[in-house]
Amino acid sequence: MSRRLTAALTSFIVILLSYHAYRFPNRNPISTPSLPPPANSTATNHIIRFLRYNNAHELRAYLERQVKCSGWNWVERRNPAASFPTDFALVAIEDHRRDFLIGEFGKLELVKDVSLDLSYQRVVLSAHEEIGAGAFVDGKKKKRPGKIFTSMSFTERENSAPANASWRRSLMMQKSQVTSLFGADALWSKGYTGAKVKMAIFDTGIRANHPHFRKIKVNFMADRNIFVSVLFFFALSSGKFFYYQERTNWTNEDTLNDNLGHGTFVAGVIAGQDEECLGFAPDTEIYAFRVFTDAQVSYTSWFLDAFNYAIATKMDVLNLSIGGPDYLDLPFVEKVWEITANNIIMVSAIGNDGPLYGTLNNPADQSDVIGVGGIDYSDHIASFSSRGMSTWEIPHGLLYTITNIYLYMPIFASSVYFLLVARQLADMLIVRYGRVKPDVVAYGREIMGSKISTGCKSLSGTSVASPVVAGIVCLLVSIIPESKRKEILNPGSMKQALVEGASKLSGPNMYEQGAGRVDLLESYEILKSYKPRASIFPSVLDYMDCPYSWPFCRQPLYAGAMPVIFNVTILNGMGVIGYVDGPPMWLPDSEEGNLLNIQFTYSDVIWPWTGYLALHMQIKEEGVHFSGEIEGNVTVNVYRPPGQEMISLTGMEDHLHTNFHIMFNMLRDAGYYVETLGSPFTCFDANRYGTLLLVDLEDEYFAEEIKKLKDDIMINGLGLVVFADWYNVDSMMKMKFFDDNTRSWWTPVTGGANVPALNDLLSPFGIAFGDKILNGDFVINGEQSRYASGTDVVKFPKGGYLHRFPFLDSSESGATQNVLLSGMSKADSPILGLVEVGEEGRIAVYGDSNCLDSSHMVTNCYWLLKKILDFTASNIRDPVLFSDSSRQDKALHLDDNQLPSRRTDVNFSTYSQVVNKELICRSDSRFEVWATKGYDLHVRGRNHRLPGYAAVDLGQGSNSTPEVPFKKIKSVDKDGNSLGNSYLGYLYGDDQLDFPELVASHWLLPAIVAGSGFLVLWSFWRIRQRRRRRRKGSGSFNRTANP
């Protein structure tokens, strides 16, 4: 009795203390006149996140005290998490007061942010359906009709605007005893069966009393069953706990059952008992979180509550066989961080959107989550398995890089180089480089698992591979004594065991297989003797290891190139938070290693469990004649608080290595060396390259970029190739639609390419694109090609070569014209132009980029690209492209006021890196111009020292390199005279200056002028002083002589 009284008093004191700790400050409440809602007013649910946890009724009271306006209502969430503190509220806001109320809620001191409660729609694929139609539309990374919207959308459609903005978090599914393939029976024989491991499965639920799972017991609160409640209290009072399966429902449907079969199948792969479809960890405690309805719908708020419950009930492992193409639902993404920070190991399917690159699904693409890809029984990457690299962190500018480096640098005597400009708008940035994902792969084709009620079936997909790894993780967790698990096991240490124990497959590259096929027994050996430590993944970049190290192994490093970035993740098994102590160091194994210049960017704080290290590699100018291999290590010190233990580590959207990876391979096979530029055009040295390739660009250009590019082409002989895309304002306006989910209007900001900006760039050469949207088939040089939503050329100079073909114009104005003509008419439209400008500059333009983009091409035009590059880089002219019939005897002209115009009804600066931004060279450019505005085009000479950077040998000009076998273009005027620094030529008689003269050129002439001016002023002063003294002498004499 006294014990119970003590416990009751203790509970009462804890309640009082909790109430005091969570009391909210009493601010002046907001009160506004109550306005009657419109007759057709509707309300949309919004999530209000708070800066700390509290009971739901306290949060409600706080909001009602502070915001005494009409137009919003508290939404009660009746689920198992209701008995625990929460960090968010769900409110229904009437649409006519949405902006005002979001602003008022956002002003509250304890409110973190307000966001829409997004709906997710899952796509279920049966065993007979096509794999690959995952989270991306129709299994392809379709172009949105403009790609960039005034606000973010969560779905994509081809050639039309989406009907809703639901985020498809696809459940990836599609016959085999998979446990034996990984040697699970070897651990079973040792007594390891997943006992006392709490496994959370976020899926479609499980039916009660399923025969494939041991000792089923259901949460009495969820089932509301008197018998189960009595059983629960009996177990609680007797202290007898046993393996059980708990089912919870987080949806708005009043059922716990799995009526679709996916959740049951996943649970069977992890912990099934049937001999036909055994699971990996039969004694694992299964917690079934039903987060999808029978209609395959879910909401962010359901996931947040379920995640909070998983944290409160101390789950060990969590499996998510779901994923989506977007990472922009910030409450979801940050809650995943919180899940792993609370020591829950999350395993997630990487996606069913292969074989396309850059199609990783979230949350599997997050560094703290174990992302799982799929392979078949021949150890080939499954065609449906999504490929890396990761893209979700790119807009935030995060970088991830290497450790053990093996580099090969040949001498290039007659090679042709070109620079691929890869600059897009804010959500498609490619100025950074993604990480290696998936982390591991596992068998995911025709895997056997449990049916809804009884029996087994086979499915395929990465949602099958994910529970395979989750089952392995449960088995590995059980090998550590329960008393030591929290000291040793965490998301960092488990990922270390999996990636270090994985078996690298011989065929796929790192962005297809990650560390390789998961190896249960190797990971078991690692964990048996595991000591908390830090490591990095991947730990080695070997330029000689092809195809695993693709794309790096396809192109060696060489002097004068842009920095190569390879990104790694720091894995910290010592604690949820760690710190990097001091900058990393490059330690070459030989003297030649000093030819490699490395700059680092990295995260000072490693949280949760992971951080990033970026290595920017650039060969020094003195390595221009070196050919061979460089080997060495990068060392970085990581420590954890409070012990300060030191550990030494050794070791895109559109992107050249994602959806343009086939083009990259083609160019390398053809002997070209390809680099990517994400910084402004002022940040690259044009004399180092043969051609600048612009593909599908969407951003604006600085005036300095336009001027420099003109000089680079007209004077320095740089080649320029432009692959554009459609742009039509009327069509974009027609795409405007109302999204029922976000309660907002959506509209494209630009077309497939930013044609007005491209026209500004090309205007010095008399070239411009139009606003038609052309579609159709055509034949050129015997090659059948498809023009898919490309644009036309409307201005082109005399003497160039222009190719026309009959196409249908599907733009708004073109469609109107077709209606007036009572039919679908085709008209010849110019789409391909080639011209020589200036001294040796050559330009080629083409109105469609779909033929280069492997994610949605109908037919490729790689053959055309090669012929164009032959022209721009080497002046090799194909007889078909340069036929007399295509030569322009007079210029094709269109008044500027008739060219495509920019939209004025959207704020383009929100998405642009140029509009209202400062011109700056970023870390993807040469080291000597980092954080500057770029190369000074008016300075010539050697070793131009930029502010804050060491002297760098730039050769005989700011855009050239000494003794490098690149093409050199000397700048001359019409009379053949050098166009160097004219004023220096007058002084020294030669404009080819060496370093001392170059440095003096910055201050010598101004110093001479200033010195001369000083001498003149001093002379005037001296003359004035002498005159004054003479007057004084004269005045004194007169006064003395005449008293």
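In which hand does α13 pass α15 in their crossing? The crossing is right-handed, a label that applies if the near helix is turned clockwise from the far one by less than a right angle, anticlockwise being left-handed. The model is predicted, so local features need pLDDT of at least 70 and side-chain atom pairs count only at pLDDT 80 or more, while totals for chains, interfaces and linings use all residues. Residues are numbered from 1 along each chain as its sequence is written, and side-chain values use heavy atoms, with hydrogens and water left out.

Helix α13 covers residues 491-501 and helix α15 covers residues 520-528; their axes lie 8 Å apart at an angle of about 130 degrees. The axes are lines fitted to C-alpha atoms over the stretch in contact, and angles run from 0 to 180 degrees between N-to-C directions. The pair is therefore oblique, since angles under 35 degrees count as roughly parallel, over 145 as roughly antiparallel, 65 to 115 as roughly perpendicular and the rest as oblique.

The chain as a whole has 23 helices and 39 strands, taken as DSSP runs (H or I, at least four residues, for helices; E, at least two, for strands) and numbered from the N terminus. Of its 1043 residues, 59% are buried; the classes are buried under 20% relative accessible area, exposed over 50% and partly exposed in between, with a 1.4 Å probe and protein chains only. The chain exposes about 41900 Å², and carbon and sulfur atoms supply 53% of that area. Areas come from the Shrake-Rupley method with a 1.4 Å probe.

Trp1018 sits in helix α23, residues 995-1041, and counts as partly exposed because its relative accessibility is 43%.

The peptide bond from Lys437 to Pro438 is cis, with omega near 5 degrees, and Pro438 is in the loop between β14 and β15. Another cis peptide bond joins Cys546 and Pro547, with omega about 10 degrees; Pro547 lies between β19 and β20. Asn209 has a positive phi near 55 degrees, is in the loop between β6 and α6, and is exposed at 65% relative accessible area.
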